Amino acid sequence: MRRRTCLLLAAVLVAASGCGLTSGSPMVDNVGPGTVGRGRPLEGADLTVVSKEFTEQLVLGAIMGIAFQAAGAQVLDRTGIQGSVGTRAAVENGDADATYEYTGTAWITYLGHSHPIPDPGQQWKAVHDADLKHGLTWLPPSRLNNTYALAMNQANHRRYGTNTLSQVAELAASDPGAVTLCVEGEFANRADGLPGMEKRYGMRVPAGNVTQMDTGIIYTQTAKGACTYGEVFTTDGRIKSMNLVVMEDDKKFFPNYNAAPVIRTSTLKRWPAIADVLAPVTKALDNDVAQTLNAKVDVDGQDPHQVALDWMKEKGFVKER
């Protein structure tokens, strides 16, 4: 996906600027242990948390940092790095200690594989095992899976009644004019995008039925019904706010992008309690939670860090001191 792909220019800038870690500020949330961090097992730790620049990553980075603070750590906030490569390099080279990363991104973008592993558990284990030699330890993953999907508005859902991509393929065969798509240019041409999806599902959508546009416009046009189906990211808050219906990828074509904590191995050896601190938080993350939190930022205009803090308190993971 475009937001997970590092452009050459971004890579050059990252290399020139030391992974972009030229600034950062301490997290100063007045929180103590709730159901996580009891006994403050990270007392005395100085931990740097990084994330990429898009909404979900900013929220996940804040969630991680807040959990660390509740457990007694001093946390340096360096979330919001542009591009995937800078975030990865920061943890790998020791400029940072931890981040939430996506299994598919690591497998394809960082580790250089062209074919994702369909089973999410096996995909996580593969990146976990491969990254140990890079000095990185993957903790158990969440159910949050930020991957591609097709979605439609409620009116079109009532009209055509499709719930799976197999049914979309059947509709395209029986009524070709009914299946119109709004997609990003990248999705229209990627092997793990439209061409691969059509091949896997035996689907043929005429070129004239496919309109390429920017991501944000896709959601509004799909909600309006300007296209029957729009390309979406499964954790995007606009799915819920616009009441879109997501088609099930019943043949498991799209890669798994499950979010999981990635910790610098040397940091984890020094502070092994990190795993226990993050485990219940990660377990609580799924697509519904992500859509809700992302919508608070992208639709309601709230601050990502505040959204993360409110959720952590609401779930009882941390308490105000």
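**View 1. The disulfide of Cys182 and Cys227 is left-handed, because the torsion about its S-S bond is about -125°.** A disulfide here is a pair of cysteine sulfur atoms within 2.5 Å. Cys182 sits in strand β8 (residues 181–183), and Cys227 in the loop between α10 (215–224) and β10 (229–233). The pair links distant parts of the chain, 45 residues apart. Helices (H or I, at least four residues) and strands (E, at least two) are DSSP runs, numbered from the N terminus. The two sulfur atoms lie 2.2 Å apart. The structure holds one disulfide.

This is a predicted model: local features need pLDDT of at least 70, side-chain atom pairs count only at pLDDT 80 or more, and totals for chains, interfaces and linings use all residues. Residues are numbered from 1 along each chain as its sequence is written, and side-chain values use heavy atoms, without hydrogens and water.

**View 2. Asp286 caps the N-terminal end of helix α14.** A side-chain oxygen of Asp286 lies 3.2 Å from the backbone nitrogen of Asp288. Helix α14 covers residues 287–298. Its buried residues (under 20% relative accessible area, 1.4 Å probe, protein chains only) include Val289, Leu293 and Val297. Among the elements covering them are α2 (55–70) and α15 (304–314).

**View 3. The largest nonpolar core has 48 residues.** Such a core is a set of buried Ala, Val, Leu, Ile, Met, Phe, Trp, Tyr and Cys residues joined through side-chain atoms within 4.5 Å. Leu42, Phe68 and Trp311 are among those with the most contacts inside this core. Helix α2 gives the most to this core, with nine residues.

Key
The expected span of a helix is 1.5 Å times one less than its number of residues. Buried means under 20% relative accessible area, exposed over 50%, partly exposed in between (1.4 Å probe, protein chains only). Contact means heavy atoms within 4.5 Å. A polar contact is a pair of N or O atoms within 3.5 Å; within protein, one must be able to donate a hydrogen and the other to accept it, and residues adjacent in sequence count only if both atoms are side-chain atoms.
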